[in-house]
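Here is a briefing on the structure shown below. Points are grouped by topic.

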Number of protein chains: 2
Amino acid sequence: MRARLFTPGPTQIPERVQIAMTNPLIHHRGIQFKQLFQEVRDDLKYFFQTEGTVLTLTSSGTGAMEACVVNLLCKGDKVLTISGGKFGERWGLLCNNCTADATVLDVPWGEAVNPEDIKDFLKKNPDTKAVFLTHSETATGVASDLQTIAKVVHENSEALVVVDSITSAGVLPFKMDEWGVDVAVTGSQKGLMVPPGLAVVALSNRAWERVEKSDIPKFYFDLKKERKAQEIANTAWTPAITLIMGLRESLKMIREKGLENMWEKYALLAHATRQGVLALGLELFAKSPSDSLTAVKLPESIDGVAFNKHLREKYGITVAGGQAHLKGKIFRVSHMGYYDALDMISMASGLEFALADFDWEFEHGSGVTAVQKVFLEEK
Amino acid sequence: MRARLFTPGPTQIPERVQIAMTNPLIHHRGIQFKQLFQEVRDDLKYFFQTEGTVLTLTSSGTGAMEACVVNLLCKGDKVLTISGGKFGERWGLLCNNCTADATVLDVPWGEAVNPEDIKDFLKKNPDTKAVFLTHSETATGVASDLQTIAKVVHENSEALVVVDSITSAGVLPFKMDEWGVDVAVTGSQKGLMVPPGLAVVALSNRAWERVEKSDIPKFYFDLKKERKAQEIANTAWTPAITLIMGLRESLKMIREKGLENMWEKYALLAHATRQGVLALGLELFAKSPSDSLTAVKLPESIDGVAFNKHLREKYGITVAGGQAHLKGKIFRVSHMGYYDALDMISMASGLEFALADFDWEFEHGSGVTAVQKVFLEEK
């Protein structure tokens with residue numbers, strides 16, 4: 001049985017990236033690395049649609065989130081964090097951890113934040129220094145209206161817009177400079193289609209002014225030190241060289257395909273999957289679904305932990321389960337990564353098999369047919 | 001021309017490790033990863049010769065050094081840091097960064113710290129909470145007498161012994177528990193023979209008592225959170241999965257060979273290389289040389305930057321240059337990693353070729369012969 005990975009990080013890796021990472025190791029202080037890293041650095045600007053600075057760190061996405069908080073803020077800064085899932089929550093924990101004055105705007109899991117609520121907060125708190133939010137919440141599969149939120153923040157405050165775009169960069173339409181996003185972070189194992197181990201932070205010039213003033217101690221995640229090094233295609237600390245080799249290849253692929261075409265492809269994969277899920281009589285968990293991943297509610301008669309295990313053991317399909325109070329209640333399927341239409345059809349087919357094994361009643365073939373129909377109409 | 005990497009990190013990677021890392025990616029929250037990570041966790045205890053806790057982080061070695069400082073100390077703690085090179089210096093920077101009361105004991109680059117100097121400090125400062133030192137200083141190729149130092153620290157204070165063993169673990173004799181080392185860190189790209197991107201921290205029970213009390217903010221490098229996760233073969237944050245696949249394989253190889261045999265092998269490679277270098281009329285930079293790497297002084301007539309470039313471009317050999325004030329004055333050759341006797345002979349041969357190109361006078365073949373002689377006598 002062939003293993004198929006449909007988790008929203010790590011995602012499936014293109015063969016070209018896999019091959020690039022098996023190249024002989026090179027020294028990170030030599031000319032070969034410099035050339036390699038220069039390409040990565042420049043292509044990442046395209047990836048984020050920014051003329052700002054994009055820095056690569058050796059850490060998970062959480063490391064890059066911490067880097068944002070400890071580099072952008074001063075102790076006691078008033079900030080707003082939006083929490084509608086495990087990853088949105090993390091912004092609040094990070095800000096509180098470095099003694100910022102953080103207000104957490106709680107959004108029910110499965111829903112997107114209402115930009116009006118952000119506006120209300122900023123009107124009452126015009127001295128807010130930054131708004132930390134999640135573009136695509138991986139825990140719930142919800143996409144927020146980042147473009148509108150960025151506009152609202154800038155119209156009502158001097159606050160920076162700091163975005164966890166971990167499962168949106170390269171996947172959902174995302175135009176950092178045009179939308180006025182000040183800082184965005186991602187991890188290598190999502191839309192960048194590389195194994196985990198690298199994180200990326202993109203910063204506007206406006207964000208750098210704050211970095212200059214920040215009084216929070218940092219060392220490994222010191223972005224000023226990284227900028228100084230990465231300006232000359234170096235890194236402050238020893239980087240994950242093989243992953244950077246992979247990153248160069250995946251960025252090349254993304255450039256070849258074109259970012260807009262990637263966005264369109266993912267939107268189609270997500271739309272088709274949602275149609276398939278609905279055709280099987282299942283419900284979507286997210287009210288404003290992200291095209292990066294689909295979170296599917298399982299019927300009460302089915303235990304999600306057992307279901308996901310069965311899907312993996314019997315059909316080779318690995319999906320992600322629910323987190324925190326959603327454990328056993330939902331499963332999450334990735335569209336971002338190295339996937340195409342036939343992957344989504346395989347997924348729908350495996351899902352039908354497993355649902356039948358769990359005695360869920362539906363018309364056999366209806367899920368696969370619904371997915372296929374979307375692709376046929378687009379051909 | 002075949003490229004040969006002789007840098008003291010990244011080091012050459014065994015084929016078996018390379019192959020292990022190309023296995024299909026797995027999800028880090030599934031059973032497969034758990035099994036994999038359990039083996040890594042247990043083998044790392046053997047690697048450090050400890051019954052303590054060994055935690056794997058996704059970062060460079062510097063990240064793990066920061067983790068030590070921010071988890072072991074309280075604000076204002078009095079500490080001693082030993083600085084005899086770029087990496088020893090880093091302990092001082094890290095401690096000062098988190099407002100510890102750090103005294104830096106400066107040792108001339110190329111020399112090992114005198115344990116008596118540590119004793120003197122501790123006699124005058126019995127309230128010292130920790131001594132941070134470097135076992136094998138990668139910048140200078142100097143090994144310190146860790147076993148004696150640990151003894152001296154424990155006899156004269158309650159201070160923790162915290163060791164940068166980045167280029168010593170798995171390479172030089174190192175018995176964490178037996179010697180009373182409280183905390184040791186390493187990176188994946190050294191004796192562990194894996195590409196960079198992972199760091200490892202080993203902690204004694206005594207060290208954990210300090211971790212419980214620490215009041216310095218941390219998040220990504222929160223070792224309590226990591227311990228809780230890694231106890232059940234999980235990780236707090238998304239780990240560098242492919243590198244962990246490689247790490248499992250390299251730890252297996254080290255177990256098969258036996259740690260003592262690895263130490264002996266490295267000692268022999270280093271001894272042979274030193275004999276070769278001396279036979280060519282060159283001098284060693286380190287007065288107490290580490291068997292992990294050899295730092296060689298270049299004659300004043302030869303510019304080190306040009307020499308290393310020539311060695312790489314003409315003979316495919318990459319060595320590391322000097323850092324800071326040693327730039328252009330020394331080169332550094334690794335023994336740690338996936339190297340054997342014939343690798344050291346290749347290295348000596350390339351060195352002879354390049355020295356001849358730079359008009360250094362020596363008897364051709366004398367370097368290679370001296371290296372070979374050591375191995376012949378050991379056969």
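P10(A) sits in the loop that runs from strand 1 (4-5) to helix 1 (15-20) of chain A. The peptide bond joining G9(A) to P10(A) is cis, with omega about -5°. This is a predicted model. Its scores are ipTM 0.97 and pTM 0.97. Chain A has an average pLDDT of 97, and 100% of the residues score at least 70.

**Backbone geometry**

- Chain B also has a cis peptide bond, between G9(B) and P10(B), with omega about -5°.
- P10(B) belongs to the loop between strand 1 (4-5) and helix 1 (15-20) of chain B.
- M193(A) is not a glycine, yet its phi is positive, near 60°.
- The loop between strand 9 and strand 10 of chain A holds M193(A).
- M193(A) counts as buried because 26 other C-beta atoms lie within 10 Å, and the cut-off is 20 or more.
- T99(B), not a glycine either, has a positive phi of about 60°.
- T99(B) lies between helix 4 (86-97) and strand 4 (101-106) of chain B, in the loop.
- T99(B) is partly exposed, because 14 other C-beta atoms lie within 10 Å.

**Buried loop residues**

- V194(A) is placed in the loop between strand 9 (183-187) and strand 10 (198-203) of chain A.
- With 33 other C-beta atoms within 10 Å, V194(A) is buried.
- V194(A) and G9(A) are 185 residues apart along the chain, but their C-alpha atoms are separated by 9.7 Å.
- Beyond four places in sequence, V194(A) touches residues including I13(A), V17(A), S188(A) and Q189(A). Also among them are L243(A), G246(A), L247(A) and S250(A).
- M336(A) is in the loop between strand 15 (330-334) and helix 13 (341-357) of chain A.
- M336(A) is buried too, with 31 other C-beta atoms within 10 Å.
- From M336(A) to L192(A) is 144 residues in sequence and 8.8 Å in space, C-alpha to C-alpha.
- Leaving aside neighbours within four places in sequence, the contacts of M336(A) include P8(A), T11(A), K190(A), G191(A) and Y266(A).

**Helix packing in chain A**

- Helix 11 (residues 259-279) and helix 14 (residues 366-378) of chain A pack at an angle of about 150°, and their axes are 7 Å apart.
- The crossing of these two helices of chain A is right-handed.
- Helix 11 of chain A contributes residues including L268(A), H271(A), A272(A) and Q275(A). Among those from helix 14 of chain A are V368(A), V371(A), V374(A) and F375(A).
- By class, the residues of this contact are eight nonpolar, six polar and one charged.

**Symmetry and interface**

- Chain A superposes on chain B by a rotation of 180°, with 0.0 Å of shift along the axis and an RMSD of 0.0 Å.
- The two copies are therefore related as by a two-fold rotation axis.
- Both copies use the same surface: 100% of the contact residues of chain A recur in chain B.
- S59(A) comes closest to the rotation axis of the residues of chain A, with its C-alpha at 2.6 Å.
- In the interface, 38 residues of chain A contact 38 residues of chain B.
- Helix 3 (61-72), helix 4 (86-97) and helix 10 (241-257) of chain A each give two or more residues to the side that touches chain B.
- Helix 3 of chain A supplies the largest share of that side, four residues.
- The side of chain A that touches chain B has 18 nonpolar, 19 polar and one charged residues.

Conventions. Residues are numbered from 1 along each chain as its sequence is written. Chains are lettered from A and ligands numbered from 1 in the order in which they are written. This is a predicted model: local features need pLDDT of at least 70, side-chain atom pairs count only at pLDDT 80 or more; totals for chains, interfaces and linings use all residues. Copies are superposed by least squares on the C-alpha atoms of residues with pLDDT of at least 70 in both. Two residues are in contact if their C-beta atoms, placed from the backbone, lie within 7 Å. A residue is buried if 20 or more other C-beta atoms lie within 10 Å of its own, exposed if 12 or fewer, and partly exposed in between; C-beta atoms are placed from the backbone. Ala, Val, Leu, Ile, Met, Phe, Trp, Tyr, Cys and Pro count as nonpolar, Asp, Glu, Lys and Arg as charged, and the others, Gly among them, as polar. pLDDT is the predictor's confidence in each residue, from 0 to 100. Axes are lines fitted to C-alpha atoms, for helices over the stretch in contact, and angles run from 0 to 180 degrees between N-to-C directions. A crossing is left-handed if the near helix is turned anticlockwise from the far one by less than a right angle, and right-handed if clockwise.
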